[in-house]
Structure formats: C-alpha cells, structure tokens
Amino acid sequence: MGATTTTHELNVSNSMTVGQYSSDFTLNGFTFITGGSIWEVDSSSRSYGGVNFTQRVKSGGKGTISKRAISFTASGAGQLTVYAMSSGSTSRNVTLYGNGKDLESFTAVQDVITAMNFTIPNSGTYVIYPPDDGISYYYLKVVKTDSTPTPTPTVKPTQTPTPTPTLEHHHHHH
C-alpha cells in the first residue's frame, strides 16, 4: 500500500476573502473559472465532521466545464473531497469532469453540507462544475494515492552462505 499525500487543500473560511470575483483566479492549486459569471464569497455558518465553517464560495448558478467551474491538476490517481451545499431550495449535483468526459456526480442538498469523495483515476487536469444550478463550496481537498507500491527495501543479492565447517567438511581422521 502506498502513502496518501494531500496535494491541494482549500478551506474557504480560512483562505478566501468575502467579495465578488469576476475574473479567473487560482488559490491553493484550485482555479476558479468564471466564464463571464461571478464567484461570490459570503458568510455562512455550517459545520461538518466537527469542523466549523464560516464562509462559502458560491458558483452563482448552473455551470459547465468552462463556466462557474473549478479546475485542478492531479499528479496521479487519488481522491477529490468536496464539502458542498445547494445554494437554493432544491438538491443539485456537482460533477467531476476529466479525460474528456463526466466521471462522477454527487448531490448537494440544501442547508446541510454534503461531503463528496470523487475518484481521480489518473494524473491530469480535472474540473468540477454544477450542471443543475448554484452550489456553495466550503472545502476542497485533493489527495494522491500512490498506485505504485512503495518500493520494497532492496533485497541484497543472494549470498552463498559461508559454509559451516562441521557440515561441509567430513574429514574423518582415524
């Protein structure tokens, strides 16, 4: 089993400034693509798994892979964890796109953070976007799982054991 390494991590409450963002920006390895729209960071108190969040970043509506989307680069197979919530009164999906197609979707509900764990199949550039309507993101993390097994300590070339005199030499002196 290989090691798991966190490569990108973004906690909106700690790392983003309240306000509106109308041009693309990259933060902690995540690129927020506006595509002519606006990302907005505002106050929102929610907790998940014992962690309290005070801010969220909102997509502002339905997205595509080139609008209201978040892209990141993975250096290998692993997992993307997203804490998200619907920005409205209906459940909405968050979709992971990569390798030229939609890979996986999870549903975010209203008023409660949903933790989504997307599988990253291999290295490359990936995008998450909301195909239905606005999504509020609280936390994003990419971990890389080394698919290559941790190298086993090299076994020294087999050495012929030094012959044990008692076994090897049967010289019977009468």
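Predicted model: local features only at pLDDT ≥ 70, side-chain atom pairs only at ≥ 80, totals over all residues.
Me: Where in the chain is Thr-34 found?

Reply: Thr-34 is in the loop that runs between β4 and β5.

Me: Which residues is Thr-34 in contact with, leaving aside its neighbours within four places in sequence?

Reply: Thr-34 is in contact with Tyr-21, Ser-22, Ser-23 and Asp-24, and also with Trp-39, Lys-67 and Arg-68. With Ser-22 there is a polar approach to look at: a polar atom of the Thr-34 side chain lies 3.5 Å from the Ser-22 backbone oxygen.

Me: Next, the chain as a whole. How many helices and strands does the chain have?

Reply: There are 2 helices and 13 strands. The chain has 174 residues, and buried residues make up 37% of them. It exposes about 9,800 Å², of which carbon and sulfur atoms supply 51%.

Me: What percentage of contacts between residues at least 6 apart in sequence join residues at least 24 apart?

Reply: For this chain the figure is 67%.

Me: How do I read a nonpolar core, and which residues touch the most other members of the largest one?

Reply: The general idea is that in soluble globular proteins, nonpolar side chains tend to be buried together. Here the largest nonpolar core has 27 residues, and Phe-32, Leu-80 and Tyr-137 touch the most other members. At least two residues of this core come from each of β4 (30-33), β5 (39-48), β7 (69-74), β8 (78-86), β9 (92-98), β11 (114-120), β12 (124-129) and β13 (135-145). With 4 residues, β13 gives the most to this core.

Me: What does the second, separate core include?

Reply: The second core has 6 residues, among them Tyr-83, Ile-113, Tyr-138 and Tyr-139.

Me: Now the rings. How many aromatic pairs does the structure hold?

Reply: The structure holds 12 aromatic pairs. To classify a pair, read the angle between the ring planes: under 30 degrees counts as stacked and over 60 as edge-to-face. Phe-25 and Phe-32 have 5° between the planes and 4.8 Å centre to centre, and this aromatic pair is stacked.

Me: Are Phe-25 and Phe-32 buried or exposed?

Reply: Phe-25 is buried at a relative accessible area of 16%. Phe-32 is buried too, with a relative accessible area of 0%.

Me: Which aromatic pair is edge-to-face, with 90° between the planes?

Reply: That is the pair of Phe-53 and Tyr-83, at 5.8 Å centre to centre. The pair links distant parts of the chain, with Phe-53 in strand β6 (residues 51-58) and Tyr-83 in strand β8, 30 residues apart. Phe-53 is buried, with a relative accessible area of 2%, and Tyr-83 is buried at 15%.

Me: Which residues do ring pairs link into a cluster?

Reply: The cluster consists of Tyr-21, Phe-25, Phe-32, Trp-39 and Tyr-137.

Me: Last, the charged side chains. How many salt bridges does the structure hold?

Reply: The general point is that side chains of opposite charge can pair when their charged atoms come close. This structure holds 4 salt bridges. In one of them, the side chains of Arg-56 and Asp-42 meet at 2.8 Å, N to O. Arg-56 is in strand β6 and Asp-42 in strand β5, 14 residues apart. Both residues, Arg-56 and Asp-42, are buried.

Me: Which residue forms a salt bridge with Arg-92?

Reply: The partner is Asp-133, with the closest N and O atoms 3.5 Å apart. Arg-92 lies in strand β9 and Asp-133 in the loop between β12 and β13, so the pair ties together parts 41 residues apart in sequence. Arg-92 is buried, with a relative accessible area of 10%, whereas Asp-133 is partly exposed at 32%.

Conventions
Residues numbered from 1 in each chain as written. Heavy atoms only, no water. Core = buried A, V, L, I, M, F, W, Y, C linked by side-chain atoms within 4.5 Å. Buried < 20%, exposed > 50% of the residue type's maximum accessible area, 1.4 Å probe, protein only. Phe/Tyr/Trp six-rings, centres within 6.5 Å; stacked < 30°, edge-to-face > 60°. Polar contact = N/O pair within 3.5 Å; in protein donor to acceptor, adjacent residues only side chain to side chain. Contact = heavy atoms within 4.5 Å. Areas by Shrake-Rupley, 256 points an atom, 1.4 Å probe, with all protein chains shown as cover.
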